[in-house]
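Thanks for coming, everyone. Please bring the structure up on your screens, and I will walk you through some of its parts.

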Amino acid sequence: MALSDADLELLNSPLGLKYLFADKKTDVLKALRLAHYEQRLRELQAELIKLQEWVIGQQKKVVILFEGRDAAGKGGAIRRIAAHINPRHYRIIALPKPTEEEAGQWYFQRYVNQLPKPGEMVFFDRSWYNRAVVEPVNDFCTKEQYETFMGQVNDFERMLQSSDTYLIKFYFSITKEEQARRFADIKSSPLKRWKMTVVDEAAQGLWDEYTRYKERMFKETHTENAPWIIIQADQKTKARLEALEHVLKSLPYQATGN
């Protein structure tokens with residue numbers, strides 16, 4: 001096993017030693033991979049603090065959407081992004097089923113109510129794009145409601161951006177096999193079992209239907225001003241770093257004091 005001096009230094013650091021002795025059987029390559037991941041994650045999280053300082057100082061508004069199939073790792077990515085930034089200046093939005101009153105409103109209204117005020121970042125763990133994929137696949141909306149949404153969403157996002165709001169749209173993509181593996185892991189864990197929903201239970205059987213609606217969503221809502229950023233998420237650690245890196249390179253922030 002050929003290790004560089006930098007690899008050896010990392011393995012002998014408190015971070016590297018943590019992973020070397022995390023399991024009864026020592027796996028040097030796994031420990032090195034996880035140590036590199038956590039080291040890079042910390043670097044990006046520190047940079048994100050600078051980005052948030054710019055958002056606050058310049059009174060910017062930032063919206064980041066996290067979409068993807070069930071168990072794709074959206075929530076885990078959001079938690080890593082938000083782990084060390086100031087909680088008074090960001091919100092994580094995961095809206096429940098609409099109330100009867102909300103169901104009678106313009107579809108986008110409940111999301112408009114959650115948009116950021118100046119100096120704030122908002123992370124949507126699923127967003128208005130529920131109506132593009134999850135709702136039609138599971139018969140939670142009518143065909144007319146679906147078509148109305150598809151006809152309005154690009155204009156809605158243009159209006160959002162014209163109000164001086166930055167918009168980033170992530171789609172976390174996983175394979176059918178990886179989704180099945182993650183569902184099995186969730187079901188077998190007493191700490192995770194609560195995450196499984198009726199919609200999750202049906203997801204594997206409806207895989208092709210999800211694919212059909214997802215492909216139309218990409219075709220019609222991947223625009224120049226609001227493109228989809230597709231992240232291959234079978235490897236969670238790699239996906240989290242990619243999302244963080246994209247956020248940092250997408251916003252024209254300058255660190256305080258630069």
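**Aromatic pairs**

Tyr107 and Phe149 are both buried, and buried means under 20% relative accessible area, with exposed over 50% and partly exposed in between, using a 1.4 Å probe and protein chains only. A quick word on the source: this is a predicted model, so local features need pLDDT of at least 70, side-chain atom pairs count only at pLDDT 80 or more, and totals for chains, interfaces and linings use all residues. Residues are numbered from 1 along each chain as its sequence is written, and side-chain values use heavy atoms, with hydrogens and water left out.

Back to the rings. A pair of aromatic rings is described by the distance of the centres and the angle of the planes. Rings of Phe, Tyr and Trp (its six-membered ring) pair if their centres lie within 6.5 Å; planes under 30 degrees apart count as stacked, over 60 as edge-to-face and the rest as tilted. That rule gives 23 aromatic pairs. Take Tyr107 and Phe149: their ring centres are 5.6 Å apart and their planes stand at 85 degrees, so this pair is edge-to-face. The two partners come from distant parts of the chain, 42 residues apart: Tyr107 is in the loop between helix H5 (100-103) and H6, and Phe149 is in helix H8. Helices here are DSSP runs (H or I, at least four residues), as are strands (E, at least two), numbered from the N terminus.

Next, Phe218 and Trp228. They form an edge-to-face pair, 6.0 Å centre to centre, with 65 degrees between the planes. Again the pair links distant parts of the chain, with Phe218 in helix H11 and Trp228 in strand S5 (residues 228-232), 10 residues apart. Phe218 and Trp228 are both buried. One aromatic cluster includes Tyr107, Phe149, Phe218 and Trp228. Among its other members are Trp106, Phe124 and Tyr171.

**Helix H8**

The buried residues of H8 include Tyr146, Phe149, Val153, Phe156 and Leu160. An α-helix has 3.6 residues a turn, so residues three or four places apart point the same way. The cover over the buried residues of H8 includes helix H6 (109-112), H7, strand S4 (165-173) and helix H11 (207-221). After H8 comes Asp164, with a positive phi near 65 degrees.

Asn138 sits in the loop between helix H7 (134-137) and helix H8 (143-162). Is Asn138 buried or exposed? Its relative accessible area is 15%, so Asn138 is buried. A polar atom of the Asn138 side chain lies 2.9 Å from the backbone oxygen of Val134. Beyond four places in sequence, Asn138 touches Val199, Leu206 and Tyr210, where contact means heavy atoms within 4.5 Å.

**Salt bridges**

Now for charges. A salt bridge is a side-chain nitrogen of Lys or Arg within 4 Å of a carboxyl oxygen of Asp or Glu. The count comes to 22 salt bridges. One of them joins Glu38 and Lys18, at 3.0 Å from N to O. This pair links distant parts of the chain, 20 residues apart: Glu38 in helix H3 (residues 28-57) and Lys18 in helix H2 (residues 14-20). Glu38 is buried, at 13% relative accessible area. Lys18 is partly exposed, at 41%.

Glu135 and Arg131 form another, with their closest N and O atoms 2.8 Å apart. Glu135 is buried at 11%, and Arg131 is buried at 12%. There is also a network of salt bridges linking Lys143, Glu147, Arg216 and Glu220.

**Last stop: Glu67**

Glu67 lies in strand S1 (residues 61-68). Its relative accessibility is 3%, so Glu67 counts as buried. Leaving out residues up to four places away in sequence, Glu67 touches several residues, including Lys74, Arg126, Tyr171 and Trp228.

Key. A polar contact is a pair of N or O atoms within 3.5 Å; within protein, one must be able to donate a hydrogen and the other to accept it, and residues adjacent in sequence count only if both atoms are side-chain atoms.
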